[in-house]
Each structure stands twice: as C-alpha cells, then as structure tokens.
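Here is a short tour for anyone meeting this protein for the first time. Take a look at the structure, then read on.

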Amino acid sequence: VALALQSASAFDAVEKQATTDGLTGVANRRALDRRLDEAVARAKRSGQPLCVLLTDVDHFKSVNDAWGHATGDEVLKGVAKSLEAQARGTDVVGRLGGEEFVVVCEATDLKGALTGAERMRLAIKGLSFDTAKGPLSVTSSFGVALWMPGESGHDVLERADQQLYKAKQRGRDRVVGD
C-alpha cells in the first residue's frame, strides 16, 4: 500500500510539472491548449457559450529593460496570481507564453466575459511591485472572443488575439471584444 501511495504521489508530481508553467504556477501552453479543446467540445455538446480572454502586460519589454528580468518575473507572477484571484473557480487561467495569458470562461456570454476582463484589468492596474528603484505598476490589455459553432479552440484564440491587437492599437490598458 505504501508503495502504491508513493507511486501515485510521484505520478501526481510529474503530471503537475508537465502541465504547470514553472514561473507563474498557472497552466502551461500544452495544458491550456488541451483544456481549451475540452471546453470547446463541451460547448458543442451543451450549447452553452464559451469565451476566451487573451491578455498581456503593456510595454513589458520596457519593464525588463528598465527594471531587470528578475522584476519582470515578479510582475508575471503577480499578474498570474491576480488573474487567478479574479477568475471564477471554473475558469482556466494559463500562460500562453512571454507576457501573454489566457482565461477560458465556460458558460459565459460575451457580456459576462467583457465584465470579467474589465475586473481583471483593473485588478492588474491596482498591483504595485516593490523594487529597489521604488514601486512599479503595470497595465494590461485584453482581447475577448465568443466561441462560434464550427470554430476550434485555435480559431477562437486567434480571434481573441485579433481583439487584443485592437486594444493595443486603441491605446492599451483596455478591454476589446467581439
């Protein structure tokens, strides 16, 4: 029995390493892709709405350049923690890569997703990071897309990316959705 428990514990540890972003503790890209595909499959079966939020930290390169990569890492950890705190228990928060994060919101229409994204944006804007050079705050931009029947997870994520691009074009620190 002890050997079986030890083996199960080791399996859980390996699985967590394989599905979790090492820096931020949220789902990694591989796990995020899988969870998004599963959410799309559920939306197809149930007819429930599904929205994808894509966000990134505005001017993140300048954070790394001016404050250093260690501070940049702290910002990414803080943003991930903030997203998880603002997300519902059923939402999936994951790191797409770099300073980009995704939130998969099942059973959520566009209005609800836009409201949630705005709440997340304000929470990130309210963060303050203590550094050797003094306090640092950041802003974020969000693109929101409602899954449409016939789309794959990749398709809806791509549309969220297009909305994020619009948010950046319109001055950053905002939420844009279709």
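## The largest pocket

Sorted by class, the residues lining the largest pocket are six nonpolar, four polar and six charged. This is a predicted model, where local features need pLDDT of at least 70 and side-chain atom pairs 80 or more, while totals for chains, interfaces and linings use all residues. Residues are numbered from 1 along each chain as its sequence is written, and side-chain values use heavy atoms, without hydrogens and water.

The pocket (an open set of points on a 1 Å grid, with protein on both sides within 12 Å along at least five of seven lines; lining residues have an atom within 4 Å of a point) has a volume of about 230 Å³. Among its 16 lining residues, Val26, Ala27, Arg35, Glu84 and Val93 are the closest to the centre. Helix 2 gives the largest share of the lining, three residues.

Asp21 sits in the loop between helix 1 and helix 2. Asp21 is buried, at 14% relative accessible area (buried means under 20%, with a 1.4 Å probe and protein chains only). Leaving out residues up to four places away in sequence, Asp21 touches Val26, Ala27, Asn28 and Arg95 (heavy atoms within 4.5 Å).

Now for the sheet: five strands form an open, mixed sheet in the order 2-3-1-6-7 (strands are DSSP runs of at least two residues, helices of at least four) (pairing takes at least two bridges). Strands 2 and 7 are at the edges with a single partner strand each, so one side of each has no neighbour in the sheet.

| Edge strand | Residues |
|---|---|
| Strand 2 | 92–97 |
| Strand 7 | 175–177 |

Notes. Buried < 20%, exposed > 50% of the residue type's maximum accessible area, 1.4 Å probe, protein only. 1 Å grid on protein atoms, 1.4 Å probe; cavity = no way out; pocket = protein on both sides within 12 Å on 5 of 7 lines; lining within 4 Å. Points joined across faces, edges and corners; volume = space filled by probe spheres on them. Nonpolar A, V, L, I, M, F, W, Y, C, P; charged D, E, K, R; others polar.
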